[in-house]
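My notes follow in the order I looked things up.

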Amino acid sequence: MRWFKTKEEKELDALLVKVDNNMSNNYKDAAQGNYKDFLKRYAELDSQGKLSAKVKAYYEPVIADYAARLSKFTHKDQPTKWGDWEKK
């Protein structure tokens, strides 16, 4: 847990909260969209030099974790008929 956060860190954390909320409610498209928004904003802040090395070191494993969790979190893999659930 980080105690003293910059406004940029608070903004990034708020975007991750949106991802978590949508994942917990099984809103797959929204979670994927929020994650893309997070990555875009992270890249913008990084290119502007607003993220310290310590902050980047914190977010690197977080980004890897979300990428792994969201890789199969799509409607494409969802069964479409009742019989399809039993086959998996």
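I started with Arg41, which forms a salt bridge with Glu44, the closest N and O atoms being 2.9 Å apart. I took a salt bridge as a side-chain nitrogen of Lys or Arg within 4 Å of a carboxyl oxygen of Asp or Glu. Arg41 and Glu44 both sit in helix H2 (residues 28-47), three residues apart, about one turn of the helix. Helices here are DSSP runs (H or I, at least four residues), numbered from the N terminus.

Note on provenance: this is a predicted model, in which local features need pLDDT of at least 70 and side-chain atom pairs count only at pLDDT 80 or more, while totals for chains, interfaces and linings use all residues. Residues are numbered from 1 along each chain as its sequence is written, and side-chain values use heavy atoms, with hydrogens and water left out.

I checked the accessibility of Glu44 and found it partly exposed, at 29% relative accessibility. The classes are buried under 20% relative accessible area, exposed over 50% and partly exposed in between (1.4 Å probe, protein chains only).

Next I looked at Asp46, which forms a salt bridge with Lys56, the closest N and O atoms being 3.2 Å apart. Asp46 lies in H2 and Lys56 in H3, so this pair ties together parts that are 10 residues apart in sequence. Asp46 is partly exposed at 31%, and Lys56 is partly exposed at 27%. I also noted that salt bridges with shared partners join Glu11, Arg41 and Glu44 into one network.

How many salt bridges does the structure hold? I found six. One of them pairs Arg69 with Asp20, the closest N and O atoms being 3.6 Å apart. This pair links distant parts of the chain, with Arg69 in H3 (residues 53-70) and Asp20 in H1 (residues 7-24), 49 residues apart. Arg69 is partly exposed at 37%, as is Asp20 at 30%.

Last, I looked at how H2 and H3 pack: the angle is about 155° and the axes are 12 Å apart. Axes are lines fitted to C-alpha atoms over the stretch in contact, and angles run from 0 to 180 degrees between N-to-C directions. H2 is therefore roughly antiparallel to H3 (angles over 145 degrees count as such).

Which residues meet there? Among them are Tyr35, Phe38, Leu39 and Asp46 in H2, and Lys56, Tyr59 and Ile63 in H3, with contact meaning heavy atoms within 4.5 Å.

Definitions and conventions: Helices (H or I, at least four residues) and strands (E, at least two) are DSSP runs, numbered from the N terminus. Angles under 35 degrees count as roughly parallel, over 145 as roughly antiparallel, 65 to 115 as roughly perpendicular and the rest as oblique.
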